Amino acid sequence: MQEEDQTIPEMVDAVRAGKLSRRKLIKTLTIMGVSAAGAGAVAAVAARQLTAHTAPSTPGDNNAQQHIQQHEQHLANQATGDVQQLHHDYHEDAIVEDSMYPHPIAGRAAILARKSAGFAAMPDMRITVTNRIARGEQLTVEWVASGTHVHDYPGLPATGRAFSIPGVTVVVRRDGKIVRESLYYDMAEVHRQLGTKW
């Protein structure tokens with residue numbers, strides 16, 4: 001399978017397995033339209049040895065405009081902390097890979113519990129989209145998350161500090177539901193801004 005035919009999470013898995021170089025990953029991401037900063041964030045996470053989700057790729061929806069509209073609604077629900085609407089956005093067996101965690105978060109209930117903890121820890125968090133690319137079965141979104149870390153979050157005791165972290169999220173949907181979501185950002189930068197230990 002050519003890199004251009006793989007989803008970004010599949011390419012990250014290939015880097016971790018030693019089947020794809022970081023340089024080739026960055027080049028492919030750049031060709032896809034991901035910014036240098038976004039490609040760097042993905043490559044930095046790919047270099048970390050995390051437990052990857054290696055289930056076979058699930059064909060996703062291939063309608064770019066619908067992908068973008070669904071993502072806009074997802075962000076609106078996230079901004080208001082509307083967990084009930086987010087519940088309807090994830091497939092029951094969805095997988096979320098998040099740079100903060102060494103293992104994927106599996107299943108809608110676990111994903112929404114993590115989101116609820118994030119809403120509580122950073123109630124003023126805002127996501128600003130800086131680039132969005134709909135390609136095949138995936139939507140790649142570059143963003144900056146900013147806010148204040150006012151309450152404990154698993155692995156991050158409350159600091160009261162403001163943060164502004166760039167990152168990339170890749171979303172694959174099936175029948176309108178998110179089946180795989182991968183969040184790439186630099187945890188070293190998170191800890192630097194929050195003044196916590198890495």
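Modeller: A nonpolar core is a set of buried Ala, Val, Leu, Ile, Met, Phe, Trp, Tyr and Cys residues joined through side-chain atoms within 4.5 Å, where buried means under 20% relative accessible area with a 1.4 Å probe, protein chains only. Here the largest such core has 25 residues, and Y90, V96, I111, Y153, F163, Y185 and V190 touch the most other members. Two or more residues each come from β1 (90-98), α6 (108-121), β4 (138-148), β5 (162-174), β6 (177-185) and α7 (187-194). The largest share, four residues, belongs to β4. Another core, of 19 residues, lies apart from it and includes L20, M32, V45 and Y184.

Colleague: What is Y90 in contact with, leaving aside its neighbours within four places in sequence?

Modeller: Contact means heavy atoms within 4.5 Å. On that basis Y90 meets H74, V96, R108, I111, L112, K115, K177, I178 and E181.

Colleague: How far can I take these values?

Modeller: The model is predicted, so local features need pLDDT of at least 70 and side-chain atom pairs pLDDT 80 or more, while totals for chains, interfaces and linings use all residues. Residues are numbered from 1 along each chain as its sequence is written, and side-chain values use heavy atoms, without hydrogens or water.

Colleague: How many helices and strands does the protein have?

Modeller: Helices (H or I, at least four residues) and strands (E, at least two) are DSSP runs, numbered from the N terminus. The protein has seven helices and six strands, in the order α-α-α-α-α-β-β-α-β-β-β-β-α.

Colleague: What share of the residues is buried?

Modeller: Buried residues account for 46% of the 198.

How values were computed. Buried < 20%, exposed > 50% of the residue type's maximum accessible area, 1.4 Å probe, protein only.
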